[in-house]
Amino acid sequence: MNKWLFTGFLLISLYTPQEAPARPLKVFVSILPQKYFVEKIGGDLVDVAVMVEPGASPHIYEPKPKQMVALAKTHIYFAIGVPFETTWLKKIAGTNPNMLVVHTEENIEKIPMKGHHHEGRELEGDHHIIKDPHVWLSPPLVKIQARNILQAFLKVDPAHRSLYEENYNSFIQELVVLDAEIRAAFKSKDKKVEFMVFHPAWGYFAQAYGIEQVPIEIEGKQPKPAELQHLIQYARERGIKVIFAQPQFSWQAAQAIANSIDGQVVFVDPLAADWGNNLRQVAARFKSALK
Ligand code: ZN
C-alpha cells in the first residue's frame with residue numbers, strides 16, 4: 001500500500017470512532033478564583049470563561065445575553081454554589097443539553113453563616129439557616145473542589161487522562177504548601193485571633209486556621225444603628241483597630257466603625273484572580289492587623 005494513503009487511513013480511523021471535543025475544551029466557571037483552579041488542572045487543554053465579571057457580586061449577578069449565547073459552545077460549566085446560581089443555574093444548564101454541569105462544591109460540608117449578635121440563634125425574620133457559600137477561600141476545601149474538577153475532565157476528555165492527573169497532583173502539592181504556610185503564620189498566636197470584616201466571606205478560612213471572623217453585615221444586610229453601636233463597643237473592648245472590607249460591596253458601615261474606633265479600613269478581596277498569592281497576602285494582612 002502507498003505510504004501516504006496508509007497515513008490517510010490511519011488519521012481517519014483515529015478521528016472517527018468517537019467525537020473528540022474541539023480543542024481547546026471550552027469551559028465556564030462562576031467566579032474568578034475557580035478559573036485559577038480549573039486552569040491548574042486543565043492547563044493548555046482548556047479555555048476558561050468566567051461568568052461573574054470582575055467587580056461584580058456573585059450574590060446578585062445576572063448573566064449577560066452574550067454569555068448565555070457563549071454557553072451553547074461550552075463543554076463544561078463548573079458551578080460552585082454561589083447565590084446567583086440559585087436563580088440562574090437551571091437556565092444556564094438549559095441553554096445547552098450537551099454541556100456537563102459540575103457542582104464543584106460537592107462533598108463539602110457547609111457551615112451556617114453567622115451574624116455577630118445572632119450566634120446560636122436563627123436570623124431575624126428568617127427561619128432557614130443560610131449556608132456559607134465561600135468555600136473557595138480555604139485551601140483544604142479547594143482540595144475537594146480540585147478532585148471534582150479532575151473527575152469532570154476525565155469524564156469529558158478521557159484521552160488526556162494522564163495529563164489531567166499530572167496537573168492535578170501538582171496542584172494538590174501547591175495546596176499542601178500554601179496550607180502549611182498559612183497554618184504556620186497563625187500558629188504562634190497565643191490568644192484567639194479575631195478580625196472584624198464587613199462581608200463575612202472568610203468563615204472557612206477562619207475555620208481552617210483557628211481564627212475568628214466577626215461579621216459586620218449579615219449576608220447582604222447593613223447593620224442597623226443600634227447594631228452598629230454594639231459593634232463599635234465590641235471593637236473598642238477588644239482593641240480592634242482594623243476593619244476589613246472587600247471591593248465588591250459598599251463599605252460605609254466598615255468606614256463608620258473604623259472612624260469611631262480611630263482605626264482604618266483595609267481591603268481584602270475574596271474574588272481575586274491570583275488566588276494563591278491573594279490568600280497569602282490576606283493571611284499577612286489579618287495577622288498584622290491583630291498584633
Ligand atoms: Zn459573599
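Guide: Four strands form an open sheet in the order β2-β1-β3-β4, and their pairing is parallel. Two strands count as paired if DSSP finds at least two bridges between them. Helices (H or I, at least four residues) and strands (E, at least two) are DSSP runs numbered from the N terminus. The edges belong to β2 (46-50) and β4 (100-103); each has a single partner strand, so one side of each is left without a neighbour in the sheet. From one strand to the next, the twist averages 25 degrees.

A word on the model itself: it is predicted, so local features need pLDDT of at least 70 and side-chain atom pairs count only at pLDDT 80 or more, while totals for chains, interfaces and linings use all residues. Residues are numbered from 1 along each chain as its sequence is written, and side-chain values use heavy atoms, with hydrogens and water left out.

Back at the sheet, strand β3 (residues 76-79) runs parallel to β4 and is joined to it by four bridges. A79 has H103 of β4 as its bridge partner. Helix α4 (residues 84-94) lies across β3 and β4, at about 170 degrees to β3. Helix α2 lies across β1 (25-29), β2 and β3, at about 175 degrees to β2. For these angles, axes are lines fitted to C-alpha atoms, for helices over the stretch in contact, and the angles run from 0 to 180 degrees between N-to-C directions.

Now follow α2 (residues 32-42) to its partner helix: α2 and α6 pack at an angle of about 130 degrees, with their axes 7 Å apart. That makes α2 oblique to α6; angles under 35 degrees count as roughly parallel, over 145 as roughly antiparallel, 65 to 115 as roughly perpendicular and the rest as oblique. On the α2 side the contact (heavy atoms within 4.5 Å) uses Y36, F37, K40, I41 and G42, and on the α6 side Y164, N167, Y168, F171 and E174. By class, this contact of α2 with α6 has six nonpolar, two polar and two charged residues. Here Ala, Val, Leu, Ile, Met, Phe, Trp, Tyr, Cys and Pro count as nonpolar, Asp, Glu, Lys and Arg as charged, and the others, Gly among them, as polar.

Helix α6 (residues 161-187) also meets α10 (residues 275-289): their axes come within 10 Å and cross at roughly 5 degrees. That makes α6 roughly parallel to α10. From α6 the contact takes L175, L178, E181, I182, A185 and F186, and from α10 it takes W275, G276, L279, R280, A283, F286 and K287. In this contact of α6 with α10 there are nine nonpolar, one polar and three charged residues.

Helix α10 leads us on to another sheet, as it lies across β5, β7 and β8, at about 155 degrees to β7. This open sheet has four strands in the order β6-β5-β7-β8, with parallel pairing. At its edges stand β6 (212-215) and β8 (264-267), each with a single partner strand, so one side of each is left without a neighbour in the sheet. Neighbouring strands here are turned by 40 degrees against each other on average, direction ignored. Inside the sheet, two bridges join β5 (residues 194-197) to β7 (residues 242-245), which run parallel, and V197 has F244 of β7 as its bridge partner.
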